[in-house]
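Work through the following exercises with the structure in view, and try each task before you read its solution.

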Amino acid sequence: MNVLTSITVLGFLIFFHEMGHFLAAILQGIYVDGFSIGFGPSIIQKKYKGITYSFRAFPLGGFVSFPDEEINNIDPEDPNLLKNRPIIQRVIVISAGVFANLILAYTILIINVTTVGIPFDPEPGILVLATQPNKAASIAGLKSGDKILKVKSSTLGVGDQAVSDLVKEIQNSSETQISITIEREGIFKDLTLVPKNVDGKGTIGAQLQPNIKSETKKTKNILELFEYTNNEFSSLLVKTIQGYKGLITNFSSTAQQLSGPVKIVEIGAQLSQQGGKGILLFAALISINLAVLNSLPLPLLDGGQLVFTLIEGFRGKPVPVKLQMVVTQSSFFLLIGLSVLLIIRDTSQLLIVQRLLSQ
């Protein structure tokens with residue numbers, strides 16, 4: 001049931017993205033002949049007012065199609081064809097999907113804050129959310145729920161800055177002992193961490209976050225509601241952009257953090273176990289990721305089409321079709337190859353698959 005919820009959320013986010021393109025074209029009077037959720041053969045198909053609406057076999061994708069004047073017997077000079085519209089109008093159509101996902105993510109965060117509330121201000125120290133088996137943190141005796149209060153006899157501060165300070169200390173102390181003081185169920189303990197050296201930086205295999213109560217509080221007024229939502233939205237957007245930037249500039253270190261559709265569905269299923277709050281958070285995260293991903297300058301994505309359109313605007317004529325085809329085909333094989341690798345990797349990491357392989 002949780003997996004079905006995850007897939008449904010993904011399908012809705014893709015639908016919203018494509019609806020952005022669709023409405024941007026329709027509202028400007030531009031011809032559209034197809035609106036599809038998914039790829040592959042059509043499962044459900046309905047034609048209405050010259051537009052074919054379809055739901056296809058593989059729902060993790062979608063597209064809005066524009067008529068070919070030769071096939072549809074349309075005058076090539078018809079001003080309502082997308083290619084004949086001014087550059088600014090075409091840019092609006094191309095960019096609308098990205099803006100639709102960003103608007104949706106912001107709206108979801110507003111709903112989440114309104115219904116669930118906002119967290120209390122962080123308290124001193126760092127909360128350990130989870131530790132990985134046989135890594136430095138678990139070897140030292142750290143457990144989920146522990147609060148790290150001191151490092152090398154220095155009291156930790158509060159919030160993200162405290163986490164950042166501890167992470168820097170760990171990264172600069174590979175294979176070196178670090179004394180820490182923790183609180184566990186009201187009892188204080190001293191532990192010794194020995195970060196392992198990974199690519200020249202110390203790591204301990206623990207998930208850390210600011211020490212914040214699990215309870216939430218209602219916002220005092222609409223100003224606080226929008227202030228908190230703006231901060232959350234900006235933080236998620238910046239971190240997502242930084243993640244993609246790191247993938248491009250430091251692929252070898254960040255490749256393992258890539259998630260394919262299988263992993264995304266699994267994460268969504270896990271978050272949906274937390275109820276409405278988890279589902280809303282998953283939807284906001286993926287919606288922002290879809291926006292940033294589609295902004296990348298790859299020909300098969302919105303960002304690539306935007307680049308071709310802007311180049312045409314500067315040149316005064318379209319990019320040669322042959323060049324577009326070469327670049328698009330190269331991008332296609334790159335994305336398909338990466339998707340297949342991610343699906344294989346993520347599927348092999350699923351618990352049920354690991355159990356089968358171990359038999």
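**Exercise 1.** Find what share of the contacts in the chain with a separation of 6 or more comes from residues 24 or more positions apart.

Solution. A contact means heavy atoms within 4.5 Å. Among contacts with a separation of 6 or more, residues 24 or more positions apart account for 65%. The model is predicted, so local features need pLDDT of at least 70 and side-chain atom pairs count only at pLDDT 80 or more, while totals for chains, interfaces and linings use all residues. Residues are numbered from 1 along each chain as its sequence is written, and side-chain values use heavy atoms, with hydrogens and water left out.

**Exercise 2.** Classify the ring pair of Phe15 and Phe35, and state which parts the pair ties together.

Solution. Rings of Phe, Tyr and Trp (its six-membered ring) pair if their centres lie within 6.5 Å; planes under 30 degrees apart count as stacked, over 60 as edge-to-face and the rest as tilted. The centres of Phe15 and Phe35 are 5.9 Å apart with planes at 80°, so this pair is edge-to-face. Because Phe15 lies in helix H1 and Phe35 in strand E1, the pair ties together parts 20 residues apart in sequence.

**Exercise 3.** Classify the ring pair of Phe35 and Tyr53, then decide whether Phe35 is buried or exposed.

Solution. Here the centres are 6.3 Å apart and the planes are at 50°, so the pair of Phe35 and Tyr53 is tilted. Buried means under 20% relative accessible area, exposed over 50%, and partly exposed in between (1.4 Å probe, protein chains only). At 5%, Phe35 is buried, whereas Tyr53, at 29%, is partly exposed.

Technical notes: Helix = DSSP H or I, 4+ residues; strand = E, 2+ residues; numbered from the N terminus.
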